[in-house]
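Hi,

Here is the structure I said I would pass on. Have a look at it first, then read on for what I found.

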Amino acid sequence: ELMLDPSLVTSILLAMNRRVTHTDISVKCRIGVTGRDSYDELVEFVHAVRAGGVRRMIVHARCCVLRGLSPAQNRSIPPLHPE
């Protein structure tokens with residue numbers, strides 16, 4: 001659910017980068033979450049991650065359904081969008 005609050009993500013990442021100096025921090029996320037899955041919203045999230053000092057990001061080509069699916073179902077039911 002952190003993708004719903006990009007500014008919070010920036011704050012968390014900045015705090016992590018202040019404390020962790022011996023390794024790079026990376027972020028792995030989905031292309032979106034329920035109710036926040038447009039291209040523009042993904043771009044906003046990527047910018048928030050970069051503003052937090054992260055330079056490596058992995059984006060999984062599937063949206064996350066926040067309600068109604070188990071974690072296992074969330075890995076297979078939402079369609080992939082590799083484009």
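Predicted model: local features only at pLDDT ≥ 70, side-chain atom pairs only at ≥ 80, totals over all residues.

The accessible surface of the protein chain comes to about 5800 Å², and carbon and sulfur atoms own 55% of that area.

On charge, I count 11 positive and 8 negative side chains in the protein chain. The centres of those two sets sit 10 Å apart.

For the overall dimensions, the C-alpha trace spans about 40 × 25 × 25 Å along its principal axes. Of the 83 residues in the protein chain, 29% are buried. Contacts are worth a glance too: taking those with a separation of 6 or more, 66% are between residues 24 or more positions apart.

Now the fold. The protein chain has three helices and two strands, and reading along the sequence gives you α-β-α-β-α. Strand E1 covers residues 26-33 and is mostly covered, with six of its eight residues buried. Its partner is strand E2, residues 56-64: the two run parallel and are joined by seven bridges. To get from E1 to E2 the chain passes through helix H2 (residues 39-51), and this β-α-β crossover is right-handed.

Lys28 has Ile58 as its bridge partner in E2, and Gly32 has Cys63.

Gly32 and Cys63 are 31 residues apart in sequence, yet their C-alpha atoms are 4.8 Å apart in space. Leaving out residues up to four places away in sequence, Gly32 touches Met3, Asp37, Arg62, Cys63 and Cys64.

Gly52 is placed between H2 and E2. Is Gly52 buried or exposed? It comes out as buried, because its relative accessibility is 0%. What does Gly52 touch, once residues up to four places away in sequence are set aside? The list is Thr10, Leu13, Leu14 and Asn17. Ile25 is 27 residues from Gly52 along the chain, and the C-alpha atoms of the two are separated by 9.8 Å.

Last one: Val65, in the loop between E2 and helix H3 (71-74).

Cheers

Terms used
Residues numbered from 1 in each chain as written. Heavy atoms only, no water. Helix = DSSP H or I, 4+ residues; strand = E, 2+ residues; numbered from the N terminus. Buried < 20%, exposed > 50% of the residue type's maximum accessible area, 1.4 Å probe, protein only. Contact = heavy atoms within 4.5 Å. Areas by Shrake-Rupley, 256 points an atom, 1.4 Å probe, with all protein chains shown as cover. Lys, Arg positive; Asp, Glu negative; His and termini not counted. Charge placed at Lys NZ, Arg CZ, Asp CG, Glu CD. Pairing = 2+ DSSP bridges. Right-handed = clockwise from strand over helix to strand, strands pointing away.
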